[in-house]
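We will take one stop at a time, with something to select at each.

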Amino acid sequence: MAKQPASVEFRNVTKRYGGVVAVDDVSFTIAPATLVTLLGPSGCGKTTSLRMIAGLETASDGRIIIGDKDVTNLSAADRDVSMVFQSYALFPHMSVLDNAAYGPSVQGATKARAREMAMDKLTMLGLAGMEHRFPSELSGGQQQRVALARALVLEPQVLLFDEPLSNLDAKLRRRVREEIRDLQLRLNLTVAYVTHDQEEALAVSDKVIVMSNARIAQVGAPHELYEEPASLFVADFIGDSNLIEAEVVSVTTGFAKVRVGEAMLDLPSSNGRTGKATLVVRPTAARIYCKKPAEPHVRGKVAKVAYLGKHMEYTVETDVGEVFLVEDVRPDPWRKNEDVYVAFNPLKVKILQE
Amino acid sequence: MAIPWGLFTVAVYALILVAGFVKTVGRDYTPTLQHYITAFKIEQGQFGLVFSGSAWNSLFATMKIAAIAAPFTAAIGLLTAYLLTRQRFAGQRAFEFGTLLSFAIPGTVVGVSYILAFNVPPIEITGTAMILVICFIFRNMPVGVRAGVAAMSQIDKSLDEASLTLGAGSLTTVRRVMLPLLRPAILVSLVYAFVRAMTAVSAVIFLVSAEYNMATIYIVGRVDAGEHGLAIAYSSALIVIMGIVITLIGLAVGERKLGRRGTGGGPATMPIPAG
């Protein structure tokens, strides 16, 4: 690639539509040549943020910097940013080749040169031989590759994806997201990627920005978000988790003694304080026993059993509420209505205190 | 059901055409070309062809005015549609209502208002071709607006945005993305504006002058004078002319390419080839 990938920086960016605040005082940095996901439920401001990077929305307040250039007041056409749209937004009246050649041709390249650049990227994405077809004659996956080729032709400093997998069927999704990640690594691109699917975000990202109600809830690498959620929202939104009411009884250096029902847990904690707390228990952070185990535990009754092939899912009704658990498949699985004990793995349980 | 209805339609047109070729419809069915000769006589004069038929004057005026008015009507209609679908501004609903209002007002009211408004300085255009053209543009604009709004709301806004992010300015976007996709709307607006200008009666009946008489008004005049055969012959000619013009506009705007629109952007059902 001739051009260097650029960083993207939001400095206290706010976007208001009339009285509605869509993005509220958001700051973050996307390092060059990384893939960063904007993740959140619908209406959290992630798409608006992406559109502000593209220049399709203007920030009401704050600065947006791409590379070392302040682009806050630049129009979309003047920014060196390309976008792959959720609907692909291919021009239906142009052939695949003309779609891909659109960028260079409107920016003044000769027709021959534009087509050559387009053909280069189409070939790279495995679309050689389809350049004379029209978008309506392609499958969804192919259309998306055309959209990607069109965005890549100009070798932009930053590439944006708006929910790129939402129009694909489930099997194709995994493959396309792996391809996007491969391409990003291979071409050394800076990518901002919007999705509402937390699994997708964890799978492809160097860094995830979780948004909620127009603000950033947490920023971190995928494993940090999963293992160290900063809030109940993130704990609940990223992966499956059981949120269990508990009480911190005492705090010593590095540890907190926590009461959950009749169990007392010694949990690693750097900044715990006594009082009410919520425990984040991932489905693999607890185990089911038929006999009273040595570890701290609560009593329960198996309420739901589901066989998923690669693992089993159980829901156990306990003194402290329903607990959802994932275990390996065994020849003799727990049965519904069986009386059991649920023991927590103290190393995997997180304490959250508001 | 379709066949009797079709026969009925054909019969209505046939009746008009036949009536032009008989002496007096309803009374004397002797075949004659007299009406056509009176209306559309062309003589070989001293300085070339002379259009001496009584209808030529109004026909040429009508064609000219309709041909001038049609592209303006379509252009203003589509521009209005663009403002209504792609822009957000205060008073948009009122603006939209305003563009449709000229449809709701009776034509004679429009005609009289135009005379009153433009009979005095600063804009004194009563009796000119200009007043007819302007009247047609504003009277027929709602159709261009409706066709444009329908077409533009079908064009996903992300197409504009994709064009912008690829470095195209607004003008380039309109020229290379919007206009090609708006061909059907342009066609409908052009045809409709032309046809309506050719056939309008109520709005223009007060606006015509000796120099710029309109075909329809001339026909009404013939009927008033009891010359039904002539009126019918002229009407038949208008039907044929409009058929030809609609076909020509269709060819010029490029109807053949319309088939390319449609099924883009659907969900994926086919696997992609390994690449």
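The colours show pLDDT, the predictor's confidence in each residue, from 0 to 100. This is a predicted model, so local features need pLDDT of at least 70 and side-chain atom pairs count only at pLDDT 80 or more, while totals for chains, interfaces and linings use all residues. Residues are numbered from 1 along each chain as its sequence is written, with chains lettered from A and ligands numbered from 1 in the order in which they are written.

Start with the scores: ipTM is 0.80 and pTM is 0.76.

Now select chain B, where pLDDT averages 80 and 92% of the residues score at least 70.

Next, pick residues 256-275 of chain B, where pLDDT stays under 50. The model has 36 contacts beyond four places in sequence for this stretch, a contact being two residues whose C-beta atoms, placed from the backbone, lie within 7 Å. Where pLDDT is low, the predicted coordinates should not be read in detail.

Move to chain A and show its open sheet of six strands, ordered S6-S7-S8-S3-S9-S10 with mixed pairing; strands pair if DSSP finds at least two bridges between them. Strand S6 (81-84) and strand S10 (215-220) of chain A are the edges, each pairing on one side only.

Finally, zoom in on strands S7 (residues 158-162) and S8 (residues 190-195) of chain A, which run parallel over five bridges. Here A:Leu160 stands opposite A:Ala192 in S8(A).

How values were computed:
Helices (H or I, at least four residues) and strands (E, at least two) are DSSP runs, numbered from the N terminus.
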